[in-house]
Amino acid sequence: MTYTRVEYISVHISFLMLLLVTLSNPINLFYKVDRPDHFSKTSMTIAFPRTTGFTITRCLQTRHLPLGNLYESLMFLSWGFSMLYPISDVGDRNRLSRAVPAPSAMPTHAFATSSLPQQMQHSTSVVPALQSHRLMMHVSATSISYATLLCGSLLAIGLLTLFYSGIGSFSVVNLEHNFQKRISISPPNPCNNIRIQANVRSYSYLLLSNSRKCQLINCLDKWAYQTISLGFSLSTIGILSGAVWANEARGSYWSWDPKETWALVTRLIYATYLHAKIDEKQMGEGPAMAASMGFFSVWIRFLGVNLLGVGLHNYGWLV
């Protein structure tokens with residue numbers, strides 16, 4: 001009973017804090033105001049230990065890592081998103097990367113606590129198929145890779161939004177050409193100085209808008225690449241440890257289970273993105289589109305297979 005009360009308090013306090021951070025994110029993203037930014041950091045400082053407290057409490061209660069059913073997996077995913085918030089804050093002066101973890105953790109948290117059956121939210125003994133010492137390495141690495149890859153894909157979706165927004169779409173060369181052309185063809189009359197000043201102001205404004213957009217694109221591209229690279233490495237650890245575990249349990253490293261198949265699809269999508277970034281040094285719509293496709297692939301791999309209740313990896317959906 002004590003464990004249940006601690007879990008209940010931790011879960012609902014962390015959800016409230018995540019909701020407040022999500023609501024204050026637009027202010028922190030578009031306006032450099034110290035008070036809302038400090039409020040968001042304080043709220044995440046409260047939310048992350050509360051989610052960690054839930055994980056530790058459930059671990060003490062069940063004597064295993066709390067990843068035995070869909071509810072525990074979603075809460076662990078929310079914990080992974082929350083953990084990325086202080087990590088992404090390091091070296092990010094533009095506050096761009098912090099705009100993703102909290103809004104990702106909040107709906108995950110809400111779905112786990114509000115949409116899943118009540119009996120699933122109670123602690124239960126783990127099914128025999130998961131009673132292995134490899135549970136911690138395989139499932140934890142895979143779950144954290146989900147959170148990391150999803151954050152990277154959301155940054156890539158933001159990058160695509162900028163590419164298609166049309167803001168500041170004029171190039172510097174065209175601006176200079178048009179500016180020089182306007183000055184050179186102006187007839188000599190007393191209004192020339194006024195016209196030139198107007199052209200200079202318009203030219204400076206467009207240059208400033210173009211420069212800000214380029215800086216924003218560079219920052220988003222950098223953070224998306226670094227986040228997806230980390231998630232891809234964690235996913236590799238999860239897949240390799242899962243293959244070893246499958247060989248011990250079933251006698252085969254790969255069974256073409258639906259979740260294994262989607263793991264391969266997800267891996268190929270992000271491998272395409274990383275290949276484009278490493279080999280060709282591209283920073284355009286192609287790599288960002290590949291990373292955006294990975295967002296949907298990860299959710300199908302993580303949640304879609306469980307909701308369908310098919311395959312060898314649907315442990316805990318009806319528990």
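How many helices and how many strands are there in the chain? There are 10 helices and 0 strands, where helices are DSSP runs of H or I with at least four residues, strands are E runs of at least two, and both are numbered from the N terminus.

Before I go on, please keep in mind that this is a predicted model, in which local features need pLDDT of at least 70 and side-chain atom pairs count only at pLDDT 80 or more, while totals for chains, interfaces and linings use all residues. Residues are numbered from 1 along each chain as its sequence is written, and side-chain values use heavy atoms, with hydrogens and water left out.

Of the 319 residues in the chain, 45% are buried, meaning under 20% relative accessible area with a 1.4 Å probe and protein chains only.

Let me turn to helix α3, residues 70-88, whose 19 residues reach 27 Å from the first C-alpha to the last, close to the 27 Å expected at 1.5 Å a residue, the expected span being 1.5 Å times one less than the number of residues. Because 17 of its 19 residues are buried, α3 is largely enclosed by the rest of the structure.

The structure also holds 2 salt bridges, each defined as a side-chain nitrogen of Lys or Arg within 4 Å of a carboxyl oxygen of Asp or Glu.

In one, the side chains of Arg58 and Glu72 meet at 2.8 Å, N to O; Arg58 lies in helix α2 (residues 34-62) and Glu72 in helix α3, so the pair ties together parts that are 14 residues apart in sequence. Arg58 counts as buried at 1% relative accessibility, and Glu72 is buried at 2% relative accessible area.

In the other, Lys277 and Asp221 meet at 2.7 Å, N to O.

Methods. Buried < 20%, exposed > 50% of the residue type's maximum accessible area, 1.4 Å probe, protein only.
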